[in-house]
Amino acid sequence: MIGSETTARKMAALLLQIKAIKLNLQDPFTWSSGWKSPIYCDNRLTLSFPEIRTFIKESLVELIREKFPQAELIAGVATAGIAHGVLVADNLATPFCYVRSSAKGHGMGNKIEGLALPGQKVVVIEDLISTGGSSLAVVNALRDAGCEVLGMMAIFTYGFPSAAQSFEEAGCPLFTLTDYETLIAMSRSNNTVSTAELQSLQQWRVSPSTWEGLK
């Protein structure tokens, strides 16, 4: 669920402006899952633009204060969620930790870096949501540590129904600054995509596992 329509439109416009969003329907990107994707979202680029990373920070902080004012800990998803999580935690003057996708293979073998105490109320910061699997693995790691996960915040989501179902089943509310539908609408209004490309993008959104690109 997006926080607000106004923020969603501005965030999508900023991502398109700095080319953090790349669209290629003729020669689609390949995800690790094997899916062909017409879109590549690199939110790490936002860190190189002070005004944009400030907008992200302030928007996430506003959302947390609105949705989860009882938050006691901010947890960033390694690696892309760490920087934005630190900025948010600093603004809120709350503790911060980050969570790896798997335990470190040396040293202390930690999966959670930093203090995550049993009973602490946590908000997780992620950069984007695709299938939701890796993001929810972080939620489970924090719950295993005894934390109470209030919810997750992310910059962007593809909005797959299967991901929404996974978050619902996990009992983890998800809020994002923008989403795929807003991005495509902005691209259409800016004449970035044609009618045929728009139809293909909508088809991918419905069935990403069978989509093969625009012929």
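Colleague: Happy to go through this one with you! Where is the place of Lys19?
Modeller: Glad to, and please keep in mind that this is a predicted model. Lys19 is exposed, with a relative accessible area of 56%. Its place is in the loop between H1 and strand E1 (21-23).

Colleague: What is the phi of Lys19?
Modeller: Most residues other than glycine have a negative phi. Lys19 is not a glycine, yet its phi is positive, at about 60°.

Colleague: And Ala93, is that residue buried or exposed?
Modeller: Ala93 is placed in the loop between H3 and strand E6 (96-99). Here too phi is positive in a residue other than glycine, near 55°. The relative accessible area of Ala93 is 70%, and since the cut-off lies at over 50%, Ala93 counts as exposed.

Colleague: Let's turn to the helices. How are H1 and H2 oriented to each other?
Modeller: Two packed helices are described by the angle between their axes and the distance between the axes. For H1 (residues 5-17) and H2 (residues 50-67), the axes come within 11 Å and cross at roughly 155°. Angles over 145 degrees count as roughly antiparallel, so H1 and H2 are roughly antiparallel.

Colleague: What is the handedness of that crossing of H1 and H2, and which residues of H2 make the contact?
Modeller: The crossing of H1 and H2 is left-handed. From H1, the contact uses Thr7, Lys10, Met11 and Leu14. The residues that H2 brings are Ile52, Phe55, Ile56 and Ser59.

Colleague: How are H4 and H5 oriented to each other?
Modeller: The axes of H4 (residues 133-144) and H5 (residues 161-170) come within 11 Å and cross at roughly 10°. Ser135, Leu136 and Arg143 in H4 meet Ser166, Phe167 and Ala170 in H5. Angles under 35 degrees count as roughly parallel, so H4 and H5 are roughly parallel.

Colleague: Now for some strands. Is Ser37 buried or exposed?
Modeller: Ser37 is part of strand E3 (residues 36-37). Beyond neighbours within four places in sequence, Ser37 contacts Asn24, Pro28, Phe29, Trp31, Trp204 and Trp211. A polar atom of its side chain also lies 2.8 Å from the backbone oxygen of Ile39. With a relative accessibility of 0%, Ser37 counts as buried.

Colleague: What is the relative accessible area of Thr178?
Modeller: Thr178 sits in strand E10 (residues 174-179). Leaving aside residues within four places in sequence, its contacts include Met11, Leu15 and Phe156. Thr178 is buried, with a relative accessible area of 1%.

Colleague: Last one: what separates the C-alpha atoms of Tyr40 and Leu23?
Modeller: Tyr40 is in strand E4 (residues 39-41) and is partly exposed, at 39% relative accessible area. Not counting residues up to four places away in sequence, Tyr40 touches Ala20, Ile21, Lys22 and Phe29. Tyr40 and Leu23 are 17 residues apart along the chain, and their C-alpha atoms are separated by 6.6 Å.

Methods:
Residues numbered from 1 in each chain as written. Predicted model: local features only at pLDDT ≥ 70, side-chain atom pairs only at ≥ 80, totals over all residues. Heavy atoms only, no water. Helix = DSSP H or I, 4+ residues; strand = E, 2+ residues; numbered from the N terminus. Buried < 20%, exposed > 50% of the residue type's maximum accessible area, 1.4 Å probe, protein only. Polar contact = N/O pair within 3.5 Å; in protein donor to acceptor, adjacent residues only side chain to side chain. Contact = heavy atoms within 4.5 Å. Axes fitted to C-alpha atoms, helices over the stretch in contact; angles between N-to-C directions. Parallel < 35°, antiparallel > 145°, perpendicular 65-115°, else oblique. Left-handed = near helix turned anticlockwise from the far one by under 90°.
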